[in-house]
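Here's a quick tour for anyone meeting this structure for the first time. Have a look at the model, then read on.

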Amino acid sequence: MAKFKKKTKTEENIPTSALPDIIFMLLFFFMVTTVLREQELLVEQKLPQASQLQKLEKKSLISYLFIGKPKNPSVYGTEPRIQANDALITTNDIVLWVNQEKDKLSEAERDQIYVSLKADRDVKMGPIGDIQSELREADARKILYASVGKVDQ
């Protein structure tokens, strides 16, 4: 007669057939939920409150200008500065910046570019007026003012 061995509890096998599915689901979850910041802000941003807002559909036509006091005042000073694409610029550089942003768009979309001004709530109207006049000179006449509040649909 043949002898049968008893299985001991220490030799249990863990089923690994579903392991690739679980890893794929975790990877997919983190890919979907992760949001990468496009730019690192070099200026302070506390957006003003607004009561009537509208949301735009086509965000690829929007270029952003951040206006505020520099986060590093020992290097950049305490006066409000303009940030465009991870670099601090002056009002004289805005025309060049707008032309570079228009070059990134297709030929049909170049006249539809929007410039969004994300100005800190403590910035005076003087620098914003200077920026508006430079944008007029660069023929970027569609200006958005960013704020926080409830979006009207």
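## Overall shape

Let's start with the big picture, keeping in mind that this is a predicted model. The protein chain has a radius of gyration of 27 Å, whereas a compact globule of 153 residues would come in near 15 Å. Draw a box along the principal axes, and the C-alpha atoms of the protein chain fill roughly 100 × 45 × 35 Å.

## Helices and strands

What is the chain built from? You'll find 4 helices and 5 strands in the protein chain. Follow the sequence and they come in the pattern α-β-α-β-β-α-β-α-β.

Take the contacts in the protein chain between residues at least 6 apart in sequence: 72% of them join residues at least 24 apart.

## The nonpolar core

Now for the inside. The largest nonpolar core holds 17 residues, and L65 and I131 have the most contacts within it. Two or more residues of this core come from each of β1 (62–68), β2 (81–84), α3 (94–104), β4 (114–119) and α4 (125–137).

Which residues does I131 touch? Leaving out anything up to four places away in sequence, I131 meets L65, I67, I82, T91, I94 and L117.

Of the 153 residues in the protein chain, 26% are buried.

Terms used
Residues are numbered from 1 along each chain as its sequence is written. This is a predicted model: local features need pLDDT of at least 70, side-chain atom pairs count only at pLDDT 80 or more; totals for chains, interfaces and linings use all residues. Side-chain values use heavy atoms; hydrogens and water are left out. The radius of gyration is taken over C-alpha atoms; the globule rule is 2.2 Å times the number of residues to the power 0.38. Buried means under 20% relative accessible area, exposed over 50%, partly exposed in between (1.4 Å probe, protein chains only). Contact means heavy atoms within 4.5 Å. A nonpolar core is a set of buried Ala, Val, Leu, Ile, Met, Phe, Trp, Tyr and Cys residues joined through side-chain atoms within 4.5 Å.
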